[in-house]
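Work through the following exercises with the sequence and the model side by side, and try each task before reading its solution.

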Amino acid sequence: MPQENIVLKNCGVIDPRQIATFLERDGFQALEKVRREMTPEAVTDEIKASGLRGRGGAGFPCGLKWEGTRKAPGGEKYVICNADEGEVGTFKDRYILERDPFTLIEGMAIAGYTLGAKTGFIYLRAEYHHLFDLLENAIRQIEEFGFLANFTIEIREGAGAYICGEESALMDAMEGKRGEARYRPPFPTTAGLWGKPTIINNVETLMNIPRIIRNGAGWFNQMGTERSKGTKVFSVSGDVPKPGVYELVLGSSLRELVEGLALAKNTKMIQIGGATGRIVPYEQIDTPLTFESVLGAGAVIVFDQSRDVIDIVHRTMEFLAEESCGKCTPCRQGTEVMVETLARFHRGEGLKKDLKDLADLSEVMTLTSLCGLGQAASNAVTDSLQHFKDAYESRVAGN
Amino acid sequence: MVANGKEIDPVGRQICSPMPACRINLLVLPFQVIAVPIKQSMARKEIENEITLTMNGSPVSGRAGMTILEVARENGIDIPTLCHVSRLPPSGVCRLCVVEVAGSRTLVGACHTPITEGMMVATHSPKILAARKILVELLMASHPDSCLICDKANICELRNIAADLEIGLPRFRARKHYYPLEYENPNIIRDMSKCILCRRCVVACQDLKGERLFSVAYRGFESKVVSGCDQPVDKEACQDCDECITLCPSGALRRPRRPGEERAKKALFIKG
């Protein structure tokens, strides 16, 4: 399936500092259409019909989220754009923000209109501080042109915690608390930021909104597979000659992305979705990229034959243990135990019983953790145990 | 364990024999059969708020806003908890109260999940028991092996639950925390090496006393309940209310024992 520029339509074409260049490319026509012709209900129905799913990793149907928030009781509602792109190996949101901040703000304004919200927030990753001025400039220019009407957008900066990319921890952080995952229910649709109904979406999800409104749900619906519609922006890095940001129609094969576009050779395995992502061995490179199989936030890290699986998994787990917020038992203690066990395998001092213990522990972490971090922390271990069991067995002490 | 006074879950009985609370339930069983019709008639009065659900295969009912844990306890089903205190808002951090709810991808925390109409809950399935066992093993892995000389050994909830789940030596290896004993305050001794981060003291100080002496600092495995900027507990601020000490499920918080004062309770009966 082909490469398609839908989300990245304006990237590299417009000047992110000049709203005029954006207006030449049909800027704000979706917002105008929504304000003139559509009721909030019609907007959520359109998004629902498009089949758009959240691009931040979890893949929750966007239309359902918006409808739930719109129908939730309460006068004050908020829109949050999650620009805390912390997942290891993702840089697509930075690419988008650097090149086309206007479409994102248009998407947020449409969300604001749908909810009747007065305030929207962009939660910007601490490491993206250099984008602060660019975004603020974009917001100011849009306000000067009067496109935002009663809607104000504020930028909040993170302080560098991976966990704060998780929606509930992000809201805690915005409220001025320690960024920690909350238990659910209640979901953000009914009790989000300051306990008010909140739409929280990834940058890329919001970028899709103006396109869907302008071209119709039917147009969007044609692309992709049955349960994964539209396109996805991938950040490809690792052992490839051409790393970078690529946008592909969902359902394209991993081979097309990794070997076709990024020109990888001699590949051993691919980690999709960053530290909490899945590990795909080279034998399964024809896997389609969909929400049903593997996707995550679109981080594609390629490892060639020179890499050691245990080393990669161990370092991934060290990262997750470092970034766990420490609130719930399975994630706080589980990641620590996994680091200890994997370090022993790394040194060649593993035990036979560790293999079963790791598998058991992985399952419990997935089943009982509070948030996505703990639930997905063991993915790399589970997948490597499944596909690269030899690597573990050769490191058992006494072998 | 007992649902509507009719049925005893064999698994439930098997796992919680040494717990005093469960023993009481077993003793109370004949009276509960009589008590059930009265409770049902009371529920009929509030018919609008009544929610019926299935727990371990038996129909039970609760009122809107109740959590799975509250309904379970009302029906005599024992779900172990380490962080939950009934008079405090749930924090849902220990994850020990996880139960299976039909249709849910993961196990859900009983202490914070509200009941819904027609919910199908299992509280003691093999999957849940295995998960609980591993959770306690994880806690025990980084807990100091000082039970024999611990002041709270005989009233320790962690030890009680571990015995209940038949956990011997933990199968996981983890670092242990070595924090210096904090005894500067005459009202409280804190041994944070024994802390299992249930956060009862944090919530209790805030919600019951309106003070905010404790908060959580650092992150991940290094998380620690601290006072101020990781300083000894302020002598002026902590006023001997004992609220956090009585709630602490492990030996992390204790009162300084005065000369001649005896231990809180007799030694715990450990099964097997």
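## Exercise 1: a helix pair in chain A

In this predicted model, A:P330, A:C331, A:G334, A:V337, A:M338 and A:T341 of α13(A) are in contact with A:D354, A:L358, A:L361, A:V364, A:M365 and A:T368 of α14(A).

**Task.** Sort the residues of the contact of α13(A) with α14(A) by class, and then describe how α13(A) and α14(A) pack, giving the angle and the distance between their axes.

**Solution.** Begin with the residues: by class, the contact of α13(A) with α14(A) holds 8 nonpolar, 3 polar and 1 charged residues. Next, take the geometry, since two packed helices are described by the angle between their axes and the distance between the axes. The axes of α13(A) and α14(A) lie 10 Å apart and form an angle of about 155°. Because angles over 145 degrees count as roughly antiparallel, α13(A) is roughly antiparallel to α14(A). Finally, the crossing in which α13(A) passes α14(A) is left-handed.

## Exercise 2: where chain A meets chain B

**Task.** Find how many residues chain A and chain B each bring to their contact, and which element gives the most to the side of chain A that touches chain B.

**Solution.** Count both sides to start with: 28 residues come from chain A and 29 residues from chain B. On the side of chain A that touches chain B, the elements giving two or more residues are α12 (309-323), α13 (329-346) and α14 (352-368) of chain A. Of these, α13(A) gives the most, with 9 residues.

## Exercise 3: the domains of chain B

**Task.** State how chain B is divided into domains, and describe the contact between domain 1 of chain B and domain 2 of chain B.

**Solution.** Domain 1 of chain B covers 12-24 + 46-173, while domain 2 covers 177-257. The C-alpha centres of these domains of chain B lie 24 Å apart. Their contact takes 18 residues from domain 1 of chain B and 16 residues from domain 2 of chain B. The side of domain 1 of chain B that touches domain 2 of chain B is made up of 12 nonpolar, 3 polar and 3 charged residues.

## Exercise 4: the overall form of chain A

**Task.** Compare the radius of gyration of chain A with that of a compact globule.

**Solution.** A compact globule with 399 residues would have a radius of gyration near 21 Å, and chain A, at 21 Å, agrees with this. The C-alpha trace of chain A spans about 75 × 45 × 40 Å along its principal axes, and its secondary structure comes to 17 helices and 9 strands.

Notes. Residues are numbered from 1 along each chain as its sequence is written. Chains are lettered from A and ligands numbered from 1 in the order in which they are written. This is a predicted model: local features need pLDDT of at least 70, side-chain atom pairs count only at pLDDT 80 or more; totals for chains, interfaces and linings use all residues. Domain bounds come from an automatic or database domain assignment. Two residues are in contact if their C-beta atoms, placed from the backbone, lie within 7 Å. Ala, Val, Leu, Ile, Met, Phe, Trp, Tyr, Cys and Pro count as nonpolar, Asp, Glu, Lys and Arg as charged, and the others, Gly among them, as polar. Helices (H or I, at least four residues) and strands (E, at least two) are DSSP runs, numbered from the N terminus. Axes are lines fitted to C-alpha atoms, for helices over the stretch in contact, and angles run from 0 to 180 degrees between N-to-C directions. Angles under 35 degrees count as roughly parallel, over 145 as roughly antiparallel, 65 to 115 as roughly perpendicular and the rest as oblique. A crossing is left-handed if the near helix is turned anticlockwise from the far one by less than a right angle, and right-handed if clockwise. The radius of gyration is taken over C-alpha atoms; the globule rule is 2.2 Å times the number of residues to the power 0.38.
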